[in-house]
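Hi,

Here's the structure I said I'd pass along.

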Amino acid sequence: MYTFNNEDLIEGLKKGDEKAFMFLVDSYGNRLIAYARGLVDDPAMAKDIVQNVFLKTWRHRHKLDSKFQIKGFLYKSVYNEFLNQYQKDKTQMILQYKYIETFNHIVEKTEEKNIQQMIDIVYREIEKLPPKCREIFNLSKKEGLTNTEISLHLGISVKTVEAQITRAFSILRSNLGKQFESILILIFGKLSKVPFP
């Protein structure tokens with residue numbers, strides 16, 4: 001599999017390199033779907049939102065700026081696409097006002113570089129989770145599997161899956177502190193109801 005750093009990836013996309021585009025989809029597709037599912041209660045709609053983002057990214061690839069992190073660009077694009085879909089059909093989508101306030105605060109008050117640094121810290125903390133907890137959390141939030149799909153895949157109950165995901169969020173929130181709440185929401189959408197210590 002081809003690998004690209006951020007600048008080379010964007011330059012490849014701008015030149016119309018299909019390998020760069022496939023790397024983009026493979027690297028971020030599942031994570032963006034998991035994020036979109038935090039915005040909408042419809043898995044199929046979440047996938048459509050992400051697909052539209054990738055199509056628009058490819059269609060307007062010549063406008064990409066290699067100075068910006070592609071990850072942050074994609075998350076913002078998913079959010080903007082969510083808003084577009086919401087405006088088209090408000091009855092089929094759930095708009096979380098508090099979430100929007102939080103997201104806008106992140107985008108307006110935090111520099112792109114700092115957002116990326118905080119996201120990297122979150123993913124390092126995920127790697128420190130207990131093995132089974134980390135596996136289930138990644139299947140849910142990184143691979144975008146439903147709790148039922150994870151239970152079937154691992155041969156455990158749905159309640160066990162739910163408990164491990166809740167445990168993961170509890171550990172992350174405890175280790176990272178309240179200042180990372182907005183970043184956790186940015187990455188994973190709505191969170192389990194585990195209060196900050």
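The side chains of Glu-81 and Lys-56 form a salt bridge, with N and O 2.7 Å apart (a salt bridge here is a side-chain nitrogen of Lys or Arg within 4 Å of a carboxyl oxygen of Asp or Glu). This is a predicted model, where local features need pLDDT of at least 70 and side-chain atom pairs count only at pLDDT 80 or more, while totals for chains, interfaces and linings use all residues. Residues are numbered from 1 along each chain as its sequence is written, and side-chain values use heavy atoms, with hydrogens and water left out.

Back to that pair: it links distant parts of the chain, since Glu-81 sits in helix H4 and Lys-56 in helix H3, 25 residues apart. (Helices, H or I of at least four residues, and strands, E of at least two, are DSSP runs numbered from the N terminus.) Glu-81 is buried at 5% relative accessible area, whereas Lys-56 is partly exposed at 36%. For those words, buried is under 20% relative accessible area, exposed is over 50%, and partly exposed is in between, using a 1.4 Å probe and protein chains only.

How many salt bridges does the structure hold? There are 3. Another one joins Lys-128 to Glu-125, with the closest N and O atoms 3.2 Å apart. Lys-128 is exposed, at 61% relative accessible area, but Glu-125 is buried, at 14%. Then there's Lys-132 with Glu-135, also a salt bridge, at 3.2 Å from N to O. These two are 3 residues apart in helix H7, so about one helical turn separates them. Lys-132 is partly exposed at 44%, and Glu-135 is partly exposed at 34%.

Now for the nonpolar core (a set of buried Ala, Val, Leu, Ile, Met, Phe, Trp, Tyr and Cys residues joined through side-chain atoms within 4.5 Å). The largest one has 48 residues, and Leu-24 and Val-78 touch the most other members. Several helices each supply at least two residues, among them H1 (6–14), H4 (70–88) and H10 (181–188). Helix H2 gives the most, with 9 residues. The core also draws at least three residues from each of domain 1 (6–109) and domain 2 (115–188), with the domain bounds coming from an automatic or database domain assignment.

What does Val-78 contact, leaving aside its neighbours within four places in sequence? Leu-32, Tyr-35, Ala-36, Leu-39, Ile-49, Val-50 and Val-53, where contact means heavy atoms within 4.5 Å.

Cheers
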